[in-house]
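Welcome! Let's take a friendly tour of a protein model, stopping at a few places where its parts meet.

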Amino acid sequence: MTSLDKGLTMGVDDREQTAPAPLLEVDDLAIHYRSQSRATRRMGYAVRAVDGVTFSVAPGETLGLVGESGCGKSTIGRAVLKLVKPTAGAVRFDGQDVTQARGRALMELRRGCQAVFQDPYDSLNPRMSVGALIGEPMVVHGLAKGDAVRARVGELLELVGLNADMASRRPAELSGGQRQRVCIARALAVNPRFIVCDEAVSALDVSVQAQILNLLHKLQRELGLSYLFIGHDLSVVRHMSDRVAVMYIGQLVESADVDEIYANPYHPYTMSLLASSPVPDPEVERDRPEAAVRGEPPSPTNIPPGCRFAPRCPFAQDRCRQEAPAYAEVEPRRWVACHFWREAKAASARAVPASAAPEPTA
Amino acid sequence: MSSDSQEPLLQVRNLRAVYDSARGPVHALNGVSFTVSPGEVLALVGESGSGKSATALSIMALIQRTSGRVTGGEVRLGGRDLLTLDERGRRAVRGSEIALVFQNPMTTLNPTRTIGAQLREVLRRHLPLDRKAADARALELLEMVEIPDARDRLKSYPHQLSGGLRQRVMIALALSCDPKLVIADEATTALDVTTQAQILRLMRRLTTESGTAMVVITHNMGVVAGLADRVAVMYAGRIVEIGEVRDIFRAPRHPYTAGLLAAIPRMDTERSKDLVTIEGRPPSLLDPKPGCPFVERCWLAMDKCAVQAPEPINPQTHSAACWADPELVRQGPRPLSPELTTTGAKELS
Amino acid sequence: MATLAQTRLTRSRTPVRPRVWSTVWAYPRLTVGIALLALLLVVTLGAPLFVSHGPLEQNLSAVLHLPFGNYLLGTDQLGRDVFSRTLYGGRLALAVAVVSTVIALIIGVALGLLSGYKAGMVDSVVMRVLDGVIVFPDLILALSITYAVGPSFWTVAAAIATVNVPKFARVVRGQVLSLREREFIASARVAGVSTIRILLRHLLPNVVEVIVVQAALTAGTAIFTAASLSFLGLGLPAPQPDWGGMLKDGYAYLGSRPLMSIIPGLMIFAAMLAFNLLGDGLRDRFDPKVIARTARVRAGRREKGATDEQ
């Protein structure tokens, strides 16, 4: 209810005229871990899992966060959920500082911001029934009691496309898709406005994945949810997102509206990601040009100086190896961290990757 | 490819296998037949539990090391039935004639020995090479799989290599004895997209150059599109459709294939808000029912489908195990009838 | 829903008895352990039914009586019935084992849950303290405690519990360290579940197996430690019959009255064996690899049964 009041006061705010106030703001977020091994720790090495990341998510919007494994995208999700403590920077949900939230403020945050994790076989306590799992958030937040919990659990199960009588089952009796639906129902139990989907469909089979993606769309339409959709599959992220941010070893390299970034990437890394993603079409695949990217991402314990992508980048020059580019808004709603994005953009316009060009549909 | 002009290299006929579980035998393979010609790349695609990996394990006679066993059928490699060989015979075939590339190289590579030592060992076990010749061949292999600084890498331990390099080493190991057939079981699934693209390109180049036949097991239709000459689509322990890669993608004949293709979000088509889905889930393999295994999820299901199993596929051509009119399948998936959709969406088990 | 009802039906139709038997065959150690433990419980708790002399009853006219006749296993140096003392001594031995194990379990599990989940400072402090306990050999530590406080049932139980607290704490902590990285714990935190509830509702039920196994093994060693304390004269105070004390008494007459030592020795051995078999058997029972193998054995037998019927 407090959040509703806040929404009303926001309405009076003069920012209303320009753009809706973001629901989630992540500002210069950094998360460094101490190295696991004692030897390297003494040398002062830290794993810079996330290093200066800034983005925001508007109400009702889906921001896709893509990157390869180990790039830190899940760590960002965990910081938003206050599961890890940031080294520096701020996370604000609905104007409230997440990192400092404690006690009642934290519980309020938990009601507003929920999560669906990657592995449906791992994210449900095997010793609890489906009903207990979905009911638990309501109980701990004092939202319902006794029969009301049971009734609401039934409603939620129906909402996510399961039978209400599934409440008595154990997770082990369910398929992967059913489990992921239970995870979604559990996340919805506290009526959140925002859900972090951390690789939420990556572990699912294609046909089940499609069902869950459709369900997430449906819930967004019906409940006005916002998503932070973290993933590594570019086509899935494209399908779900309004805007997309691309991450490479702890930093954002580019973000833009979804159709913009897929059709016309400015950052060389985004280009190579797009050019490397397999497309389920033999004609496209057989004619695919040699992707420009070489090698593999370096380990986050051993980050190259200057631009982190420079060692693999076809556009890299001496400057890139010395000076890290700033992540800046080079055009309205388009942020890029590259010294030579103009050159890269021009090159990509000349040879649009086949996979990224939207085919005119008849 | 030259699939029809030559005698098939691998011939799998009516293969059946079960896994034992606490709830009884799981019928993982229910009459799987296909052929692979020399130099051909056949992709086995399907979702988890469809029998892709059980097929690979049965061919390699490795399924009995899990809780499974082959209960029928034959697997002929160059005229010999691999299933009737004794363990010594099988071991001779594995590695020298058939090689495997798994999803996770770390479980296959010995963490305590250098890459060079492991390559050398495999080479000398199967080929009459002295130490020096084996060393030279090992270096050659690493260069062939495009590992930079190959000479130094021979002295590396597996954990010192990145995931992509490890998978390259696995490919080098697999190709070390010039096998006739390589089985790649989700070989690029654990890799990142940019690395995966490089490994796929490598696999494509090597099979073309060496003429090695390959069975690629994957759930990723993008990988299939890029790598395969022919595709076999598996569902509930059966091959429901087989054919040339272009035919499968352009004109699928089985409703499951059509549904699978429609369920994949794609980057090269218009972004639509909802995907066409196959509602429900695969049938239990604990007690297979008569009729088509896909009947409960099929939008073209007829009365006949529930009682009578369709004709099995003909491995030689583009064919599907389906009673429906191919023309209707080609028109693409439709939602099930309204009443069926609700039950389907609720995933009755 | 029809299918759901069907599943339930088939499940309830599964014959129960053959399953029990196949469990017996599949887990022989568990079966033998339970049987042996049950036998020990029956003879010790039902001791009055079996004995003709009280365990404290002295008959100075029948000191060091030979076996058979009036006294099945003879008498000791004070003319007390060895058979009777053996059975009654078992009561005490088992009581010490159970009580000390329960105390160690409660404290150890609580510490293990907390230090595994909280990590950081809490973990360091708890684990260092427990390391301090663990560096002493079990017996030396228990001896020092009973020596310092003075021997009684509760001192002995508390001393043995102290020795075993770190064992519970360590196995539980080890499990919790891996469980806390699981997504369901992250999911519980995101749901707003409090730490205490995470410990009790989400972590504890997932470590029950290791706790149960550890408890059985601990009870076995507790029997031995209690007997050792008594043998060294720092156990349960005389004249209470207990195996360690009997062993000590019999030691002086080892040449002439070997049964005075052999019988309590055998009982200590049997009790330890029972608890160890129980612990190992339970570990098998919970081990997914063994469960899978059992399933295969069962499947094989079913198939064989089916062909036999034909």
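Let's begin where two chains touch: 15 residues from chain C meet 19 residues from chain A in this contact. Keep in mind that this is a predicted model. The points below start with that contact and then visit a helix pair, a pair of domains and a sheet.

**Where chain C touches chain A**
- On the chain C side, α9 (183-190) and α10 each supply at least two residues.
- Which helix gives the most to this side of chain C? That is α9(C), with six residues.
- Sorted by class, the chain C side that touches chain A has six nonpolar, five polar and four charged residues.

**Two helices crossing in chain C**
- Helix α7 (residues 138-149) of chain C and helix α10 (residues 195-231) of chain C have axes that come within 10 Å and cross at roughly 55 degrees.
- The crossing of α7(C) and α10(C) is right-handed.
- From α7(C), the contact uses C:Asp138, C:Leu139, C:Ala142, C:Leu143 and C:Thr146, while α10(C) brings C:Thr225, C:Ser228 and C:Leu229.
- Four of the residues in this contact of α7(C) with α10(C) are nonpolar, three are polar and one is charged.

**Two domains in chain B**
- Chain B is divided into domain 1 (1-97 + 180-349) and domain 2 (111-178).
- The C-alpha centres of these two domains of chain B lie 31 Å apart.
- Where the domains of chain B meet, 14 residues of domain 1 are in contact with 12 residues of domain 2.
- Helices α2 (87-96) and α8 (193-210) of chain B each supply at least two residues of the domain 1 side, and the largest share, seven residues, comes from α8(B).
- How many charged residues does the domain 1 side have? There are no charged residues there, but eight nonpolar and six polar ones.

**A sheet in chain A**
- Chain A has an open sheet of four strands in the order β2-β1-β4-β5, with antiparallel pairing.
- Its edge strands are β2 (46-57) and β5 (96-97) of chain A, each of which pairs on one side only.
- Strand β4 (residues 88-93) of chain A is joined to β5(A) by two bridges, and A:Phe93 has A:Gln96 in β5(A) as its bridge partner.
- Helix α3 (residues 73-80) of chain A packs on the sheet and touches β1 (24-34), β2 and β4 of chain A. The direction of α3 makes about 115 degrees with that of β1(A).

How values were computed:
Residues numbered from 1 in each chain as written. Chains lettered and ligands numbered in written order. Predicted model: local features only at pLDDT ≥ 70, side-chain atom pairs only at ≥ 80, totals over all residues. Axes fitted to C-alpha atoms, helices over the stretch in contact; angles between N-to-C directions. Left-handed = near helix turned anticlockwise from the far one by under 90°. Contact = placed C-beta atoms within 7 Å. Nonpolar A, V, L, I, M, F, W, Y, C, P; charged D, E, K, R; others polar. Domains from an automatic or database assignment. Pairing = 2+ DSSP bridges.
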